[in-house]
Amino acid sequence: MALSGSRLDVMRHVGENLDTLLGDYLKPIETNWQPSDFLPDSRQEDFPEQVRLFRESARELSYDYMAVLVGDTITEEALPTYESWLMDMEGVNQAEPTGWTSWIRGWTAEENRHGDLLNKFLYLSGRVNMRAMEVSTQYLIADGFDIGTGTDPYKNFVYTSFQELATNVSHRRTATLAKQAGCPQLSKICGVIASDEMRHAKAYKAFVSKIFEVDPSEMMLAFEEMMRKKIVMPAHFLRETGVKLSQTFSHFSDAAQRIGVYTTNDYIDIIDALLIDWHIDAVTDLNDAGQRARDYLMALPARLRRVADRTKIPTLEYPFSWIAA
Ligand SMILES: [Fe+2]
Ligand SMILES: [Fe+2]
């Protein structure tokens, strides 16, 4: 079925059966994991000993690793920015809640655990200048961001599909590296967050698939536009006290490349995965502009790979204000 109407019509249509979808992609709160499940219990007598073991295990984590973990944490902690951004999408209304409103609220409630858990870990680790990190978090929220989607749900869902996959990759890798460094608690922490991200990615990808069914050309054009602009990570807007905007991000991103937590190749692999998931090669009923957008998208990974092969990662270890020593 093709819907010739507006984004609003499509959002209404796709949102009709959202309640059943929500059950697939969000977990019941009562049985869901909570940050305290992965942290020493401060009510217990042996709390100081637990914390001592925690700090000991965090000692072997490399400088770049700590920088990446702090950057990841700040990114998670800027959740108010993401929730308010998504609430502003066409077809979403807080005053008259729809299935979409419930989705954004439920998603936010799950995501809120990520920054909370990572923050507490970092605090207990003894490796981080918490104040410097908190300043960066406050900046990131106060500065806000522009991810180039406007209020368009199609572009926003491309962005969130991409972003959830990217955070899945990076949390999964920090989990593996933590295990190798002898820090099993942190490995569990990153792993459980990574699995949330994957579940959320599946939801956003499903929304896009449903839109492709009813509005293929417009959905294709939105996908193309987001890929031409490139996905701007929320951390792109990171800053530290006294450091110019964008400098902190590039050092953070270099550190992530150096330890292989999130690389240019991962970015390209995600595009490849989305092309396959959304069966981009097989979408029918495209108009001329939609066809051209598809051609661009199908050729994109190979083009990006040619450039990536020539890019060198800087080896400079940058002194982040976040790392204690
Ligand atoms: Fe998250
Ligand atoms: Fe997420």
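**Exercise 1.** Find which residues are the protein donors of the iron ion (ligand 2) in this predicted model, and how they are spaced in sequence.

*Solution.* Step 1: take as donors the N, O and S atoms within 2.8 Å of the metal (3.2 Å for Na, K and Ca); water is not among the atoms, so sites may look incomplete. Step 2: Glu111 (OE), Glu164 (OE) and Glu197 (OE) qualify, at 2.0 to 2.1 Å from the iron ion (ligand 2). Step 3: the spacing of these donor residues reads E-x52-E-x32-E. Step 4: Glu111 also bridges to the iron ion (ligand 1), and the two ions are 3.3 Å apart. Step 5: Glu111 in helix H6 and Glu197 in helix H9 are 86 residues apart, so distant parts of the chain are linked; helices are DSSP runs (H or I, at least four residues), numbered from the N terminus.

**Exercise 2.** Decide whether Glu111 and Glu197 are buried or exposed.

*Solution.* Step 1: buried means under 20% relative accessible area, exposed over 50%, partly exposed in between (1.4 Å probe, protein chains only). Step 2: Glu111 has 4% and Glu197 has 1%. Both are buried.

**Exercise 3.** Identify the helices that the buried residues of H5 (residues 79-87) pack against.

*Solution.* Step 1: the buried residues of H5 are Leu79, Thr81, Tyr82, Leu86 and Met87. Step 2: with contact meaning heavy atoms within 4.5 Å, they pack against H4 (63-77), H6 (99-125), H7 (130-143), H8 (153-180) and H9.

Residues are numbered from 1 along each chain as its sequence is written, and chains are lettered from A and ligands numbered from 1 in the order in which they are written. Local features need pLDDT of at least 70, side-chain atom pairs count only at pLDDT 80 or more, and totals for chains, interfaces and linings use all residues, while side-chain values use heavy atoms, leaving out hydrogens and water.

Terms used:
Helices (H or I, at least four residues) and strands (E, at least two) are DSSP runs, numbered from the N terminus.
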